[in-house]
Amino acid sequence: MAQVRPLKIQARERTGTGGARATRKAGLVPGVIYGGKSQPEAIAIETRELEKAIAGGGRFTSSLFEIELSGSKTRVVPRAVQFHPVTDRPVHFDLFRLESGGKVSLFIPVTFINHEASPGLKRGGVLNIVRHEVELICPSDNIPSELVADLTGLNINDSLHISAFKLPEGVSPAIQGRDFTIATIAAPSVKGADEDAPAAEGE
């Protein structure tokens, strides 16, 4: 299961342009939480708290967080962050509620293992990663933290497709209808060796 991190937010009473401006003057970033059966709610977060969450590793809009609002805890996924064009600091953010029984589209990172068990890599081949992460449709209660790509037995010119992965129950690729490539084992380049070879006499 994917890691769930806490995110400290608060309710925001004032809305609209004036309310957002007042929120930012108070050192907070205005936002909205939506999704599920509940109505959208105006929220805010300390600027440093949001910046820390964004820099916390991984794709922010595919990270899982737990918030507490109106006395109840809810799991959420960030859906958008707007940044100031000059300072590059966050000025607005959106959160999407995750409710039991629902599904959500997320980009899940791919981890590659068993490099030493790949004949192609042993022969000098190069791992060409086509997708470092894959968009998956996941049940809100069963979100994987990663996809594990096993390179065992892969030779030069072999490819690893999405069909090689055993996805958790209820999880499916967002791309349907084709067995798309995750990575390939490319042949070693010989250009460098040619450039390093001594020039023939008379050249």
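Reader: How much of the chain is buried?

Author: Of the 203 residues in the protein chain, 35% are buried, where buried means under 20% relative accessible area, exposed means over 50%, and partly exposed is in between (1.4 Å probe, protein chains only). This is a predicted model, where local features need pLDDT of at least 70 and side-chain atom pairs count only at pLDDT 80 or more, while totals for chains, interfaces and linings use all residues. Residues are numbered from 1 along each chain as its sequence is written, and side-chain values use heavy atoms, with hydrogens and water left out.

Reader: OK, and how many helices and strands are in there?

Author: The protein chain has 4 helices and 14 strands. Those are DSSP runs numbered from the N terminus: helices are H or I with at least four residues, strands are E with at least two.

Reader: Is it spread out or compact?

Author: It is more spread out than a compact globule, because the radius of gyration of the protein chain is 23 Å, well over the 17 Å that the globule rule gives for 203 residues. The radius is taken over C-alpha atoms, and the rule is 2.2 Å times the number of residues to the power 0.38. Along the principal axes, the C-alpha atoms fill a box of roughly 80 × 45 × 25 Å.

Reader: Switching to helix α1, which of its residues are buried?

Author: In α1 (residues 16–25), the buried ones are Gly19, Ala20 and Thr23. Seen down the helix axis, they fall within an arc of 100°, so they line one face of α1. That arc is the one of the directions from the helix axis to the C-beta atoms. On the other side, Thr17 and Lys25 are exposed.

Reader: What do the buried ones pack against?

Author: The buried residues of α1 pack against β3 (28–34) and β4 (41–46), going by contacts, meaning heavy atoms within 4.5 Å. After α1 comes glycine 27, with a positive phi near 85°.

Reader: Now the core. Which residues have the most contacts inside the largest one?

Author: That nonpolar core has 27 residues, and those with the most contacts inside it are Val110, Val134, Ile143, Leu147, Phe165 and Ile182. A nonpolar core here is a set of buried Ala, Val, Leu, Ile, Met, Phe, Trp, Tyr and Cys residues joined through side-chain atoms within 4.5 Å. At least two of its residues come from each of β8 (103–113), β10 (133–139), β11 (147–150) and β14 (181–186). β8 gives the most, with 5 residues. There's also a second, separate core of 16 residues, which includes Leu7, Val29, Val76 and Val81.

Reader: And how are β8 and β10 paired?

Author: β8 and β10 pair in the antiparallel sense over 7 bridges, and two strands pair if DSSP finds at least two bridges between them.

Reader: Last one: isoleucine 108, buried or exposed?

Author: Isoleucine 108 counts as buried, at 3% relative accessibility, and its place is in strand β8. Leaving aside neighbours within four places in sequence, isoleucine 108 is in contact with residues including Glu133, Val134, Leu136 and Ile143.
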